Amino acid sequence: MESVPEGKDFSFPKKEEEILQLWSKLDAFQTQLKRSEGRPEYVFYDGPPFATGLPHYGHILAGTIKDIVTRYQSAVGFHVTRRFGWDCHGLPVEHEVDGLLGIKRREDVIQGMGIAEYNEQCRSIVMRYSREWEKTVVRMGRWIDFEKDYKTMDPEFMESVWWVFKQLFEKGLVYRGFKVMPYSTACTTPLSNFEANQNYKEVDDPAIMVAFPLLDDSENAALVAWTTTPWTLPSNIALCVNASLNYVKVRSKSTSAVYIVAEPLLSSLPTVKVKADKGSKKESQSDYEILSKFPGSALVGKRYKPLFNYFLELSDTAFRVVADDYVTASSGTGVVHCAPAFGEDDYRVCMEAGIIAKGGDLPDPVDLNGNFTDKVTHFSGCHVKSADKDIIAMIKAMGRLVNSGSIRHSYPFCWRSETPLIYKAVPSWFVKVEELRDRLLQNTAETYWVPDFVKEKRFHNWLENARDWAVSRSRFWGTPLPIWASSDGEELVVVGSRKELEELSGHKATDIHRHFIDEITIPSKTGRGVLHRVDDVFDCWFESGSMPYAYIHYPFENRELFDKNFPGHFVAEGLDQTRGWFYTLMVLSTALFDKPAFRNLICNGLVLAEDGKKMSKKLKNYPPPMDVVHDYGADALRLYLINSPVVRAEPLKFRKEGVHAVVRDVFLPWYNAYRFLVQNALRLQVEGFDAFIPLDESKLDGSTNVLDRWINSSTQSLVKFVREEMGAYRLYTVVPYLLKFIDNLTNIYVRFNRKRLKGRTGDHDCRVALSTLYSVLLTTCRVMAPFTPFFTEVLYQNLKRVLEVSSESIHYCDFPQVQGETDERIEQSVSRMMTVIELARNIREKHKLPLKAPLRKMIIVHPDGEFLEDLTEKLGEYVREEMNVKELEPCDDPFKYACLRAIPNFSALGKRVGKAMGEITAAVKHLSQDDILEFEKRGEAVLAGQTLVTGDLKIVRDFKFPDGIAKEDIDAGGDGDVVVILDLRGDDTLNEEGIAREVVNRIQKLRKKAKLEPTDAVEVFIKMAADSALSGVVKSQASYIQESLGFPLLFFEQLPSKPVVIAEEEFSGVSDVDFKLVICTTRLAFDDTALMRLCSDNPELVENVKAVLLSRDMTRLKAELQANKSKLQVRFDGQEYDVIRGKHFHLSVSESLSS
C-alpha cells in the first residue's frame, strides 16, 4: 500500500475528480454492465426530466436515491440497465420558444410561422442543457447511460405511445367530451390538476354580490349571488341553491329592496346602521326585516331575469334556479351563479338539470387567448381578468350590484407563464379512469412504498377521488393523437403504429410529429370521404406514463424482456409525483395489463432553502449544488441528503454546514482509521520486518482477542443490517448505523488497540490486529460503495495492492454476504463497557480529575455475573487503560453499594390501567428490595390487582456510600442498569504515574508539532535540574513510558555527540516540574572497544567502518540485518570484516543502553 496524507491535507473533491478519471479510463460503468450480463434483470424506470432547465437539489436527491438502489442491486447479483431519459414535449418547451420568438397567440403559429417551423424550433432547444445535466449527474457519481438514453420525441418512443392509446381505445376506455380544466390563457392550453396545484399564490380579487330578480314574485324579490369571478357573469345561465338549507326573504329598511339569501348567511348582506327610535337605549338595529322563511327546495324551478342578454336564445331551459349539495352555508350568500363553461360544478349541475345537453354547445364567449369574443359585445377583445372592473361598473349602472369588495385568497397561477389561470371547458379526449378506480386501488395495494403513508393516505385518497383523465392538449409540440375522424365525427380510426398508418393511408412516415402527419388522410370505409387527423397532441404526462413500454419500443421490440420483467422493480421520484408520474404509470398499467407499473417505490420530500422557503434563483437563498460539491465532495452531499427527513417524504431545509458536518463526522474519522492502518502496515517494512500481507479470514476468525471478535461481529452486523434495510428500501436508516459503526471502529477498536496495531505486543499479534482492521475496512468499503462510490473507490484502490487477486474497481465487487453468526453477547458487552467508561468519565469530570491522573480502583455493580466477567476480565485491560485505574472490582451484590428503586412507566401503564394508576403507584412505593429483585428476575409481578411486566417498571440503582470512607474520597454514577464507583484517593505511586503521563503527552504533542510520522525513527532525550524529582519518575515509570511511546525516554546526558536535532522545547509547571525535551534522529551507536579488536587496533580502519555504516539507509540496513541474522560484511583493502549488531554497533542509543 502507498502512504497517505493527514486528513487535513486530504481533499475529498480532488480525489473524486481522480476517481472520475479512473472510471473513464476503465470505462467502468459499461464494464460493470458487461460483467453482470446473464444475471437476472432488475428493471428500473427513470422518470424523464426536462432538459430546458438546469438540475437542482431535487434532481440530485432523486438521482442519488436511484443510483444507490441500482448500484446495490447490481452488487447483490442483478443485471441493472440504467438509461437516462428526457421529457422533450409539452408546455415547458413551447413556453420557452414562445418567449424566444415573441409568440403571444395560437394564431401566431397557425397563421404566421406555421407548425413545421414552430416544431423544429422546439426540437432545437429541447436538449439545450443536456451537457450541463450530464456533467452534474456524472460529477455526483451516478452511473447511468447517456449514450443510450431515451427521449420522448424519438419516433420509436412516440410509436409505442400510439400503441398504448390504441389499446385503451379498443378496450372502450377512450371518449371525447368537455371538461372544465385549469386553463393558461398565456400558454393557450389546459393544464392538469397536478400542474395547476404547483403554483398557488395569495392574491386580491373582487368579491361582489349581484341581484337576480325573480320573475312573477309578488314582492319583486331578488336572489343574491356572491362571486369572486365577475368576468364569468356574462355567461350566467342558472342559479344554484341547496335544497336542504333554510332561506329567508328580507326587506332592506334603508332601500326597501327585497333579497333572498340562506338564513345562516343573512349577516353577509351589506348593512346600513339605522338610528333607533327617540328615547330608546339601543343605538342601532338591523337593516333587514325578515318577511318569510322557506327551504331551498321551494326556490327550485323559479325563473329570474338574466343579468345580460348575450344568451337569451337559451331562455327555454336557462335562467332558472336549480339545487345541489355543493352549495354550502360556509361563505357567500347560499346562492351560486352558474356559468357551465367556467366551473366544474357549474357544468355538472347544469348538465344534470337539463339546461345544457351532453356533447352540445356551451355558452362560452371566451377564446383560447382568454379574450371575450364578439358574442359579448360590450367587452369584445378584452381579456377576462382585465374586464372585471368594467363588468362591475356596468352591473352597478344597471342597479343590480348589491355589494362590492375584495377578498384575499389562494389562487392558482400558470407554473410557466406566472399568469393567473382560469377554469374553462375545453373539448378533450378522455381516458375512463373512474371506471378503473377499484382496480387501481387493488393494484396499488400490491406495491411497496417508502414511506408507506404516502401510499396509504396521499395516493390512496387521490385514487379514491380519481376523475376521468383528459389526455389531449390543443398544442403543437408533442406526440399527435393517432385519431383520424370523418368531418361529422361519426367515423373514427385509431392508428397503433407507423406501419399501420402506412397501410391505411399509403404514406410512409418516419417522424410522426404533427408537421409530418397532419396532412395525411385515410380513406373512409363508410362513404364519408377521407378522414383527417384530429388536431390535438398528447398531454406529456400520458407520454411519461407510457415510459415502461415506450423506452424499449414495446411491443415492436424487446417483447421477451418486457414480458419477463413487468412490473418493473423500482421507481423513485418526489412527493409531487403522487399526482403526476406515479399516478399516470399506475393508470396506464392497470388499463393495459391490470397490473401495477412497478413493485417498489421510494418517494422523497422537497428540498427547501435554509429559511424553509422554496429555493429561488431570484432570492439566491441556496448555495449552487456544484459549489457544495467543489467544497466538500459529491459523497458528502449524497450522504447528507439521504440521512435526512427528505428520504421519508418530509421537507429538508438545506444547510451547507450540514454537508460539512458529514465530512467532519463520517468521512474524516473513517479516513483516519484507514490512514492508521496504512501507516502501521508500512511501519513493518521500515522497521525491517516482512511486508504486510493480510492474514486469511479463517485465521482471523480464530483470534482470541476480544476486540477482534467484537469488531468482526459488528462488521457482520453491519452487513446484515444494510442488506435488510436495502431490501426494504429504507435508505435513511443506513447512515445513522454507519455513523455509529465508524465511531466504534475509530474510538473503540483503533483507539483501544493502538499498542497491538503499533507492534508493541509482538509481530504476530500486530499482524492479526492489522489484518482484522484491514478486513473490516475492506468490508465496510464494499458495503458502502453504493452510498459513497468515490471514497470507497479511493480506499479500495490502495487496499487492493496487498491482495493477490482483486477487481479493478470496488464497483465490480459483489456485496458482502453475512459470514456465520454474529456474537450478540460480545457486542452487548462492548456496548456496556462503553457505558461504564462514560459513567466513569462523568465522575472524573465532576471532580475535575483529568484522565492522566491515575486512580486506584473502579467498582462495577451489576447482578449479571457474565456481564461482570466480560467487563473485568476479557475487557478489563481496556477499561483500566482507558479510565487509568489500577484495579477493577466486580460486584454482583446489588445491595452492597446500591439501593434499588422502582418507578412506574406512566406512559406505558396509563393507557392500560386507567384509574388504577394511583393504586399501582402507591403499591410500587412499598416494594422491598427483594421484591424489586424478584420482579427484575421474573419480569412479572401483580400489583393492585394488575399484572405488570418488564417495561412497566423502571428499576433504578442509587449509590449507597460504604462505611469507613469519606464521601469526598469516593463517588458513583449509574444509568439505571449498572453502577460505577470510583475510589478517588491518591498516593505517591499514583502521583508518579500521573507525572509520567503528562511527560508522554508533551512528547506526543512535540512529535506532532514536528510533523513526524509514526514510522519516523527518532529518540527523545529529557533534561531537568539535577535535584529534580522528575528523574526518579522517569526511572520508576520507564516501562510505562516505553510502552506508550514505543521506545525508552533517555536522559539528556546520554545524548550522542553531533546529534541531528529535529525538535526541542522547554516546559515549566507541568505537575510542578520543569524539563526540556529534545527529539533527534536515530543514529547508530558504536562499541569502540569491540571495533578496535575487530580492526586489529587500527583507529583509522575503525573510523572507516563507522563511516560506511553511517552512510547506509536505515530501512535498508535493518532489512539486510534481518536477512543476514544481524551480521554485515564490510570490505577494506581486499579484506572482509564481519560487523555484528549488538556486539560492534547498535541501531540506536537506547538499544546500546539496553544491551
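Predicted model: local features only at pLDDT ≥ 70, side-chain atom pairs only at ≥ 80, totals over all residues.
S417 itself sits in the loop that links strand 15 (401-412) to strand 16 (422-431). With a relative accessible area of 19%, S417 is buried, because the cut-off for that class is under 20%. Its side chain also makes a polar contact with the side chain of T419, at 2.7 Å.

P624 is found in the loop between strand 27 (607-608) and helix 20 (625-632). Here the relative accessible area is 41%, so P624 counts as partly exposed, the class between 20% and 50%. P624 and H56 are 568 residues apart in sequence, yet their C-alpha atoms are 8.2 Å apart in space.

Turning to the sheet, four strands form an open arrangement in the order 21-20-23-22, with antiparallel pairing. Strand 21 (492-494) and strand 22 (521-523) are the edge strands, each pairing on one side only. On average, neighbouring strands of this sheet are turned by 30° against each other, direction ignored. Within the sheet, strand 20 (residues 483-485) pairs with strand 23 (residues 530-533) in the antiparallel sense over two bridges, and W484 stands opposite R533 in strand 23. Helix 14 (residues 498-505) packs on the sheet and touches strand 20, strand 21 and strand 22; the direction of helix 14 makes about 55° with that of strand 22. Helix 8 (residues 155-170) lies across strand 20 and strand 21, and runs at about 135° to strand 21.

Helix 30 (residues 865-874) and helix 31 (residues 876-883) pack at an angle of about 65°, and their axes are 4 Å apart. On the helix 30 side, the contact involves D870, L871, T872, E873 and K874, which meet G876, Y878, V879 and R880 in helix 31. Sorted by class, this contact has four charged, three nonpolar and two polar residues.

Finally, helix 35 (residues 988-1009) contains 22 residues and reaches 32 Å from its first C-alpha to its last. That span is close to the 32 Å expected at 1.5 Å a residue. Just after helix 35, K1011 adopts a positive phi of about 60°.

How values were computed. Residues numbered from 1 in each chain as written. Heavy atoms only, no water. Expected span 1.5 Å × (residues − 1). Buried < 20%, exposed > 50% of the residue type's maximum accessible area, 1.4 Å probe, protein only. Axes fitted to C-alpha atoms, helices over the stretch in contact; angles between N-to-C directions. Contact = heavy atoms within 4.5 Å. Nonpolar A, V, L, I, M, F, W, Y, C, P; charged D, E, K, R; others polar. Pairing = 2+ DSSP bridges. Polar contact = N/O pair within 3.5 Å; in protein donor to acceptor, adjacent residues only side chain to side chain.
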